[in-house]
Amino acid sequence: MSEGVYNVLFLCTGNSARSIMAEAILNRDGKDRFRAYSAGSQPAGRVRPEALDLLKKLNFKTDDFRSKDWSEFAGPGAPEMDFVFTVCDNAAKETCPVWPGQPMSAHWGLPDPAAVEGNETERRLAFSDAFRMLNNRISIFMNLPMASLDKLSLQKKLDEIGRTVDERSGEPA
């Protein structure tokens, strides 16, 4: 793993909402220790306006977000990742590229807010819920004692974050 700043890639199929929000959260809250990126296996070509609106309301800078293909991070010249997290079930089932540096990975799947049907309030609530879940998981991740954990223990903790976090409280179940 890198010394100092850890590179983290969040993956989702469309790279239009969950992975974008995760990138935003980690880049802002973990700016001294982490550099986050996001990508998709089948990028939607645009970031969902609901995700951008929510991020803007929460004072995130949104100008540079774009939906991008995960191949950008698998080829020569791409930043070497320390961690790769899938945040949707579809991306977790796909065959991922071979990431340079053999990063640690885990699945942190959560419901797709873009798939929610209903009125505007219900759709925006789905995006807020996804943001809250990601924020909880990323907060736990950022507070792991990386330097004092061996690789096997760290992998176990990464897997637990995606499996056992109570989505309402953010506390381990």
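Me: Which residue with a positive phi follows α2, and what is that phi near?
Reply: Keep in mind that this is a predicted model. Go to the end of α2, which covers residues 49–57. The residue to look at after α2 is Asn59, and its phi is positive, near 65°.

Me: What order do the elements of the protein run in, from the N terminus on?
Reply: Start with the tally: the secondary structure comes to five helices and four strands. Read from the N terminus on, they run β-α-β-α-β-α-β-α-α.

Me: Are α1 and α2 roughly parallel or roughly antiparallel?
Reply: α1 is residues 18–29, and its axis sits 10 Å from that of α2, at an angle of about 20°. Angles under 35 degrees count as roughly parallel. So α1 and α2 are roughly parallel.

Me: What classes of residue make up the contact of α1 with α2?
Reply: On the α1 side you have Ile20, Met21 and Ala24, and they meet Ala51, Leu54 and Leu55 in α2. By class, that makes six nonpolar, no polar and no charged residues.

Me: Which residues of α2 are buried, and what covers them?
Reply: The cover over the buried residues of α2 includes α1 and α4. Buried here means under 20% relative accessible area. The α2 residues that qualify are Glu50, Ala51, Leu52, Leu54 and Leu55.

Me: How do α1 and α4 lie to each other: roughly parallel or oblique?
Reply: Their axes come within 9 Å and cross at roughly 45°. The crossing of α1 past α4 is right-handed. With that angle, α1 and α4 are therefore oblique.

Me: How many nonpolar, polar and charged residues are in the contact of α1 with α4?
Reply: α1 brings Arg18, Met21, Ala22, Ile25, Leu26 and Asp29. Facing them in α4 are Phe127, Ala130, Phe131, Leu134, Asn135, Ile138, Phe141 and Met142. Sorted by class, the contact has 11 nonpolar, one polar and two charged residues.

Me: Which element gives the most residues to the largest nonpolar core?
Reply: That core has 41 residues, and Phe10, Phe83 and Phe141 have the most contacts inside it. Elements that give two or more residues include β1 (6–12), β2 (34–40) and α5 (151–164). The biggest giver, with eight residues, is α4.

Me: Which residues is Phe141 in contact with, leaving aside its neighbours within four places in sequence?
Reply: Phe141 is among the residues with the most contacts inside the largest nonpolar core, and it also takes part in the meeting of α4 with α1. Leaving those sequence neighbours aside, Phe141 is in contact with Val8, Leu26, Phe34, Phe83, Phe85, Trp108, Met146, Leu158 and Ile161.

Me: Is Val116 buried or partly exposed?
Reply: Look in the loop between β4 and α4 to find Val116. Its relative accessibility is 30%, and buried would need under 20%. So Val116 counts as partly exposed.

Me: What does Val116 touch, not counting residues up to four places away in sequence?
Reply: Take Ala126 to begin with: 10 residues separate it from Val116 in sequence, yet C-alpha to C-alpha they are 6.9 Å apart. With residues up to four places away left out, Val116 touches Glu122, Arg123 and Ala126.

Me: What share of the protein counts as buried?
Reply: The protein has 173 residues. Taking under 20% relative accessible area as the cut-off, the buried share is 47%.

Notes
Residues are numbered from 1 along each chain as its sequence is written. This is a predicted model: local features need pLDDT of at least 70, side-chain atom pairs count only at pLDDT 80 or more; totals for chains, interfaces and linings use all residues. Side-chain values use heavy atoms; hydrogens and water are left out. Axes are lines fitted to C-alpha atoms, for helices over the stretch in contact, and angles run from 0 to 180 degrees between N-to-C directions. Angles under 35 degrees count as roughly parallel, over 145 as roughly antiparallel, 65 to 115 as roughly perpendicular and the rest as oblique. Contact means heavy atoms within 4.5 Å. Ala, Val, Leu, Ile, Met, Phe, Trp, Tyr, Cys and Pro count as nonpolar, Asp, Glu, Lys and Arg as charged, and the others, Gly among them, as polar. A nonpolar core is a set of buried Ala, Val, Leu, Ile, Met, Phe, Trp, Tyr and Cys residues joined through side-chain atoms within 4.5 Å. Buried means under 20% relative accessible area, exposed over 50%, partly exposed in between (1.4 Å probe, protein chains only). A crossing is left-handed if the near helix is turned anticlockwise from the far one by less than a right angle, and right-handed if clockwise.
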